[in-house]
Amino acid sequence: MSKYAEITNYLSHFLENEVKKTGIQKVVIGLSGGLDSAVVAVLAQKVFKNDLLCVKMPSHYSSQSSLDDADELSKDFHLNTITASIEPMLRAYEEMHPDLDNLRKGNFSSRMRMSTLFDISAKENALVLGTSNKSELMLGYGTLYGDLASAINPIGDLYKSEVFELAEYLGVTKNIISKPPSADLWEGQSDEADLGYTYKELDHAMKLYVEERFSVEEIVARGVDSTMLDMIIKKIFRNHFKRKMPVIAKLTSRTINHDFNYPRDITL
């Protein structure tokens with residue numbers, strides 16, 4: 001069995017088991033037309049079939065090509081898909097705040113999408129599946145309570161370059177695999193342009209630092225750009241708060257997430 005056949009099998013069982021533990025039968029996912037959401041949608045379809053709902057949430061900044069790619073994926077894999085545009089909410093907020101820069105606009109858009117998705121999940125009695133990969137999580141390249149939010153995330157331990165390879169194995173639509181990664185948060189936005197390096201370069205360095213636990217000197221000796229590595233390490237530690245639940249000040253003998261800890265799937 002190939003590496004990605006094993007990963008697909010493992011993640012399918014992971015999704016089935018984690019959702020079953022909650023007593024909920026359905027799942028929802030935001031389908032952007034991008035790589036990560038496409039991979040999660042295809043994985044979820046294998047497990048949940050008609051109990052999967054994919055939600056497209058375009059704004060007036062969404063590229064038509066991304067919407068077309070999402071439609072093509074839905075057709076290829078027989079995904080149950082609806083559209084819930086965030087454009088009216090975003091336009092209203094832009095009118096109220098004409099000083100919005102791209103970063104604020106992008107964060108607001110991301111949070112509006114997740115608010116919409118969680119509302120649909122409440123209506124459908126479904127769990128929200130996450131689509132953030134390990135590269136994004138380690139670098140903090142995401143919006144807190146926006147695209148980083150979910151109930152269950154099947155790809156959070158796969159680097160972006162590995163998600164590309166998994167997408168190839170799963171047969172994800174070629175247009176989605178071949179286009180430059182973008183969250184489509186504003187016109188012309190590009191993930192790699194924002195980060196300043198390609199995911200291939202970033203992932204190679206992060207695997208050495210995070211997985212292999214090599215020192216900075218050892219990594220640079222392997223040909224990794226020292227400026228990029230410095231940026232990666234600073235982002236990993238500066239954005240650690242995005243990977244944790246809010247820190248609670250301890251005042252009692254048993255404080256949540258300090259010494260009142262139970263497995264999330266505990267039952268009575």
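This is a predicted model: local features need pLDDT of at least 70, side-chain atom pairs count only at pLDDT 80 or more; totals for chains, interfaces and linings use all residues.
Local features were taken at pLDDT of at least 70 and side-chain atom pairs only at pLDDT 80 or more, while totals for chains, interfaces and linings use all residues. Residues are numbered from 1 along each chain as its sequence is written, and side-chain values use heavy atoms, with hydrogens and water left out.

Helix α3 covers residues 64-77, helices being DSSP runs of H or I of at least four residues, and strands runs of E of at least two, numbered from the N terminus. At 1.5 Å a residue, counted over one less than the number of residues, its 14 residues should span 20 Å, which agrees with the 20 Å between its end C-alpha atoms. S66, L67, D69, A70, L73, S74 and F77 of α3 are buried (under 20% relative accessible area; exposed is over 50%, with a 1.4 Å probe and protein chains only). Seen down the axis of α3, these buried residues fall within an arc of 160 degrees, taken from the directions from the axis to the C-beta atoms, so they line one face of the helix. The face turned away from the buried side carries the exposed residues Q64 and K75. The buried residues are in contact (heavy atoms within 4.5 Å) with α2, β2, β3, α7 and α8.

The axes of α10 (residues 199-211) and α12 (residues 226-238), lines fitted to C-alpha atoms over the stretch in contact, come within 10 Å and cross at roughly 65 degrees, on a scale from 0 to 180 degrees between N-to-C directions. E201, L202, A205, M206, Y209 and V210 of α10 meet residues of α12 including M228, I232 and F237.
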